[in-house]
Structure formats: structure tokens, C-alpha cells
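Subject: A structure for you to look at

Hello! I am passing a structure on to you, and below it you will find my notes on what turned up. Have it open beside you while you read.

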Amino acid sequence: MNRTTLKLSALAIGLGFSALSFSAFASAGYYNEFGQKAGITSIIDDFVGNVAADNRINAYFAHANIPFLKTSLVNQVCEALGGPCKYTGPAMAPLHHSMGVTQADFNALTEDLQLSMTKYNVPIPAQNHLIGILAPMSKDIITK
Ligand code: HEM
């Protein structure tokens with residue numbers, strides 16, 4: 001390896017590291033913008049309340065274990081935002097596959113979440129970041 005190649009490699013490694021630390025910082029930033037675990041817990045509580053009051057989709061949740069669902073959602077969202085939590089529940093596809101969820105149902109649930117994020121003053125880019133993580137999950141959740 002000549003001197004120029006060495007310098008370029010060092011530069012590439014340096015850039016790699018700063019990209020890595022920047023993305024770690026960025027996701028911790030989103031976690032903070034949601035008010036960390038306490039903020040996420042309030043948002044999920046409110047969101048599940050919205051879903052329960054939403055006649056477009058509340059029938060799906062008639063027999064759900066709501067406290068358990070809330071805990072799972074808090075952990076899932078906290079982990080997705082770079083927080084120190086771990087979702088340990090079932091994968092999205094087997095969990096939802098027999099429910100017959102439609103795109104309209106999925107959109108309704110997303111709207112209910114957006115209302116709660118707005119109520120708890122989550123900045124719009126941070127809201128969009130979470131929606132951007134959840135949206136691709138629709139391929140595992142929508143079956144109709
Ligand atoms: C990105 C969107 C969604 C995510 C991230 C998500 C995530 C979850 C999670 C984490 C659980 C609890 C899993 C557990 O620990 O047992 C759950 C349960 C459930 N989800 Fe979803 N879900 C989404 C969309 C939907 C939609 C659109 C519907 C229907 C309108 C739906 C209906 C349900 C129901 C009924 C349960 C309760 C199952 C039970 O307790 O037996 N989900 N979901």
C-alpha cells in the first residue's frame with residue numbers, strides 16, 4: 001500500500017466512523033424528541049385510546065389484551081427510535097396475518113398515531129421518521 005492509498009483509507013475509515021456516530025446521534029435525537037420512554041408511553045396510551053374510540057378499526061381490538069398491547073407497542077417504538085428497549089413479541093406477519101387488515105385500516109391507525117404525536121408536540125420530522133419506519137411494515141400486516 002503506498003502513502004496515498006494509506007491516506008485515502010484512513011480518510012474513508014474516518015468518514016465511516018463519523019457517519020456511524022452521526023446516525024447513532026440522529027436516532028438518539030429522535031428518541032429524545034419523543035420524550036424518551038416516558039414520552040413514548042404517554043403517546044402510546046393516548047394512541048390506543050384513539051384506536052379504541054375509532055369506529056373504523058376498533059372492532060379488531062375487541063378481544064385484545066390492551067395493557068399487554070400497550071407495553072409491546074412502547075417497546076417496539078422505543079427500540080425503533082434508537083432507545084434502550086427491546087421488542088420481544090411475535091413478528092408482525094404471523095401476528096396480524098389472520099386479521100384481514102386492509103390499507104384503509106392501516107391508514108386509520110396511522111392517523112390515530114399522528115394525532116397523538118401532534119398532541120404530545122413531537123416535531124413533524126420526528127413524526128415522519130417514525131411513520132417511515134412503520135409504513136414498510138404494512139406489507140406484513142395488510143392481507144386484504
Ligand atoms: C405499523 C402498524 C402496526 C404495528 C407496528 C403493530 C404492532 C402490533 C404489536 C406490537 C402488537 C402486540 C404484539 C404482542 O406483543 O402480542 C399488535 C397487536 C395487535 N394488532 Fe397491530 N400493529 C400495526 C397495525 C395494526 C393494524 C392496522 C391493525 C388493525 C386495524 C392491528 C391490529 C392488531 C390487533 C387486533 C392486535 C391485538 C392482538 C391480540 O392481543 O390478540 N395492528 N400490533
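The expected span of a helix is 1.5 Å times one less than its number of residues. Keep that rule in mind for helix H5, which has 17 residues. From its first C-alpha to its last, H5 reaches 24 Å, close to the 24 Å expected at 1.5 Å a residue. Please remember throughout that this is a predicted model.

**The overall picture**

What is the secondary structure made of? The protein has seven helices and zero strands, and from the N terminus on its elements run α-α-α-α-α-α-α. There are 144 residues in the protein, and buried residues make up 19% of them. If you take the contacts with a separation of 6 or more, 77% of them are between residues 24 or more positions apart.

How confident is the predictor? The average pLDDT of the protein is 87, and 81% of the residues score at least 70. Over residues 4-26, however, the pLDDT is below 50, and this stretch has one contact in the model beyond near neighbours in sequence. Where pLDDT is low, the predicted coordinates should not be read in detail.

**Around the ligand**

Next, find the ligand. There are 21 residues around it, and Ala64, Ser72, Gly89, Asp105 and Leu134 come nearest. By class, this shell has 15 nonpolar, five polar and one charged residues.

Which helices supply at least two residues of the shell each? They are helix H3 (66-80), helix H4 (92-96) and helix H5 (103-119). The largest share comes from H3, with four residues.

**Helix H5**

Now back to H5. Its buried residues are Asp105, Leu109, Asp112, Leu113, Ser116 and Met117. Seen down the axis of H5, these buried residues fall within an arc of 140°, so they line one face of the helix. On the other side of H5, Gln103, Ala104 and Thr118 are exposed. What do the buried residues of H5 pack against? Their partners are helix H2 (36-52) and helix H6 (124-134).

**Helix H3**

The 15 residues of H3 should span 21 Å at 1.5 Å a residue, and the end C-alpha atoms are 21 Å apart, which agrees. The buried residues in H3 are Leu73, Val74, Gln76, Val77 and Cys78. They pack against H2 and H6. Just after H3 comes Gly82, which takes a positive phi of about 90°.

Most residues other than glycine have a negative phi, and most peptide bonds are trans. Two residues here are worth checking against that.

Gln36 is not a glycine, yet it has a positive phi of about 55°. Its place is in helix H2. Gln36 counts as partly exposed because it has 15 C-beta neighbours inside 10 Å.

Asn121 is not a glycine either, and its phi is positive at about 60°. Where does Asn121 sit? Its place is in the loop between H5 and H6. Is Asn121 buried or exposed? With 10 C-beta neighbours inside 10 Å, Asn121 counts as exposed.

**Two pairs to find on your screen**

Start with His129, whose place is in helix H6. It has 20 C-beta neighbours inside 10 Å, so it counts as buried. His129 and Leu81 are 48 residues apart along the chain, while their C-alpha atoms are separated by 8.5 Å.

The second pair begins with Thr41, which is found in helix H2. Thr41 has 18 C-beta neighbours inside 10 Å and therefore counts as partly exposed. Between the C-alpha atoms of Thr41 and Leu73 the separation is 8.8 Å, although the two residues are 32 residues apart along the chain.

Enjoy exploring, and write back with any questions.

Best wishes

Methods
Residues are numbered from 1 along each chain as its sequence is written. This is a predicted model: local features need pLDDT of at least 70, side-chain atom pairs count only at pLDDT 80 or more; totals for chains, interfaces and linings use all residues. A residue is near a molecule or strand if its C-beta atom, placed from the backbone, lies within 6 Å of it. Ala, Val, Leu, Ile, Met, Phe, Trp, Tyr, Cys and Pro count as nonpolar, Asp, Glu, Lys and Arg as charged, and the others, Gly among them, as polar. A residue is buried if 20 or more other C-beta atoms lie within 10 Å of its own, exposed if 12 or fewer, and partly exposed in between; C-beta atoms are placed from the backbone. The arc is that of the directions from the helix axis to the C-beta atoms. Two residues are in contact if their C-beta atoms, placed from the backbone, lie within 7 Å. pLDDT is the predictor's confidence in each residue, from 0 to 100.
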